[in-house]
Amino acid sequence: MYIEEKVDALCTSPTGCAFLMVVEENEVPVGSAADPSVAVHVAAVAVNAIDQWKSHHEHIVAMALAQGPRLRNLARAILARPETAWWFAPIDLEAQWRILRPDSNVGPEGLVAPASPPTNWELYAQKPATTSYSSTVVGDTCSILAAMEHLAGDFRPVPPIGRLRLRASSQARVFEVDGPQAWRQLATRYPSHNEQGLIVPDWGLFAEEWDAVHLTLGGLLTAEQVRIGIAERTELQGWAAEQTAWVRWCFEEVDRLPDLANPPPSPVPLDPPIGLQIPDPSSPGAWFLALNP
């Protein structure tokens, strides 16, 4: 995508708008916001702010999208930085971490390729039920750890947090999701439908041609909760972080790293965007202000 296409995608995505609001309200310098080791933390705060399970979620989304037009200059300044090339780049096969639950099976015997038709959970979650997740190393962390740090998503293993360093085969077939159109292409190429009426991937069909799907950071920011289509809609939901879902064991090296007591903190202080917080309904005029941002 060209910069203006990326600006459009970021400023018409609720997660992208929330990301820009976090940058603005915390006065994060443009260069820092573009840096992957900071951007994964900003993204995690944004994902938490726009979480689909929050009360008044639809209103929060509307509030975020309403800020998009005025945030275009900030988006353009960030996306013009060379560091943001990583946001949309293909997976780095030699720089993957897997974050472990205490009961995780870490060998190839624990990874079973999904089958068709999708399970109810796969239709709901839009993820393979039997998979291994990895995330790209940036600085001293990765996007999955940043999501844990800022309570984005629901993956929160009890400390100590285990880590594996993975090097995947150069022959691994990885489908890249770098925006909402790529997600739509994946879902409509291997289609099934869930109870919301969304076209979602049939991971059994997907696994016949691919070994993994990689959601880039840029894909997370521009595709999460973005609907495309009317009668045949797609909408990525609930992925929470830059990550790769492996449906087949493709790793040539697996090394255990020292456990972590906690996820590494953000290099810069970050608070949730005030502009997306619903005021206390007991305060005078709160609902008028919330419904008229």
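A salt bridge is taken here as a side-chain nitrogen of Lys or Arg within 4 Å of a carboxyl oxygen of Asp or Glu. The structure is a predicted model, in which local features need pLDDT of at least 70 and side-chain atom pairs count only at pLDDT 80 or more, whereas totals for chains, interfaces and linings use all residues. Residues are numbered from 1 along each chain as its sequence is written, and side-chain values use heavy atoms, with hydrogens and water left out.

The structure holds 13 salt bridges. In one of them, the side chains of Asp-255 and Arg-165 meet at 4.0 Å, N to O; this pair links strand β12 (residues 251-260), which holds Asp-255, to strand β4 (residues 161-168), which holds Arg-165, across 90 residues of the chain. Helices (H or I, at least four residues) and strands (E, at least two) are DSSP runs numbered from the N terminus. Asp-255 is partly exposed at 30% relative accessibility, as is Arg-165 at 41%, where buried denotes under 20% relative accessible area, exposed over 50%, and partly exposed the range in between (1.4 Å probe, protein chains only).

Asp-211 forms a further salt bridge with Arg-173, the closest N and O atoms being 3.0 Å apart. Asp-211 lies in the loop between α10 (203-207) and β8 (212-215), and Arg-173 in the loop between β4 and β5 (174-177), 38 residues apart. Asp-211 is buried, with a relative accessible area of 5%, whereas Arg-173 is partly exposed at 35%.

In the salt bridge between Glu-4 and Arg-76, the closest N and O atoms are 2.7 Å apart, and the two residues, 72 places apart in the chain, belong to helices α1 and α6 respectively. Salt bridges with shared partners join Glu-4, Asp-8, Arg-72 and Arg-76 into one network.

Helix α6 (residues 72-79) also has the buried residues Ala-75, Ile-78 and Leu-79. These cover an arc of only 90 degrees around the axis, as given by the directions from the helix axis to the C-beta atoms, and therefore lie on the same side of α6. The buried residues of α6 pack against α1 (3-11), α2 (14-25) and α3 (30-34).

Technical notes. Contact means heavy atoms within 4.5 Å.
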